[in-house]
Amino acid sequence: MTVDTPYASVRKADGADEQAVLDVLTEAFMNDPLACWLFPETSERGRLQPYFYRSLLADPTAEAYLIGGREGASLWLAPATGQTSHEGADQVFGENGARLQAVGEALAQRHPGHEPHLYLACMGVVGGRQGAGLGTAMLRHRLERADADGLAAYLEASSPRSRDLYLRHGFEDLGEPVRVADSPLLWPMWRRPRP
């Protein structure tokens, strides 16, 4: 695989970039198995996803990153020890809120709270640029700093393809996959800091 976007093009998003982060993540996850299960109607999926990502961006510990010409975005949180980042589903999600709530509760039970860590809440690359190394560049960018700070990292992979990417970067499965009702599998994953 050729990485044709320079590592240096990963940059921290600021307040003026909020809409770009929302747009990239919405497009990147339009066909993601979990997003399709959470928001089964395609027209509603595109309308509701930004509300979900906006709630993550509102977390005081949120760090968002963009790569290239707004081709990829990642969103990291730093939950306090003993705290998880999955909150109740807002009324805006209507009947989809029950699925969001159920997944959030199931994942909260698995989210490690025993030591400080970074939580990769979501990372996505727009359709035409997937497979070009952008996800790898974004991941390396933030994990290098986490390693330097001695911080572990946690995430939930929402597809076998994303799980494979994370395995290549030192993440390990944290127990069995999570499934709520007929949802797709989600893989909680943990990565210890590297020296």
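Tutor: The account below begins with the strands and then turns to the helices and the cores.

This is a predicted model, in which local features need pLDDT of at least 70, side-chain atom pairs count only at pLDDT 80 or more, and totals for chains, interfaces and linings use all residues. Residues are numbered from 1 along each chain as its sequence is written, and side-chain values use heavy atoms, with hydrogens and water left out.

Seven strands form an open sheet in the order β1-β2-β3-β4-β5-β7-β6, and the pairing is mixed. Here helices (H or I, at least four residues) and strands (E, at least two) are DSSP runs numbered from the N terminus, and two strands pair if DSSP finds at least two bridges between them. At the edges stand β1 (10-12) and β6 (172-173), each of which pairs on one side only. Five antiparallel bridges join β2 (residues 63-67) to β3 (residues 72-77); A64 has L75 in β3 as its bridge partner.

Two helices pack on this sheet. Helix α5 (residues 134-148) touches β1, β2, β3, β4 (117-125), β5 (152-157) and β7 (187-191), and its direction makes about 165° with that of β4. Contact means heavy atoms within 4.5 Å; axes are lines fitted to C-alpha atoms, for helices over the stretch in contact, with angles from 0 to 180 degrees between N-to-C directions. Helix α6 (residues 160-168) touches β4, β5, β6 and β7, its direction making about 10° with that of β7.

The largest nonpolar core has 23 residues, and V21, L25, F29, Y53, L56, L66 and C122 have the most contacts inside it. Such a core is a set of buried Ala, Val, Leu, Ile, Met, Phe, Trp, Tyr and Cys residues joined through side-chain atoms within 4.5 Å; buried means under 20% relative accessible area, exposed over 50%, and partly exposed in between (1.4 Å probe, protein chains only). Two or more residues come from each of α1 (18-28), α3 (42-57), β2, β3, β4 and β5, with α1 giving the most, six residues. Leaving aside residues up to four places away in sequence, L56 touches A62, L75, L77, A121 and C122. Another core, of 22 residues, lies apart from the largest one and includes Y65, L120, Y166 and F171.

Finally, the loop between α5 and β5 holds D149, which is exposed, with a relative accessible area of 53%.
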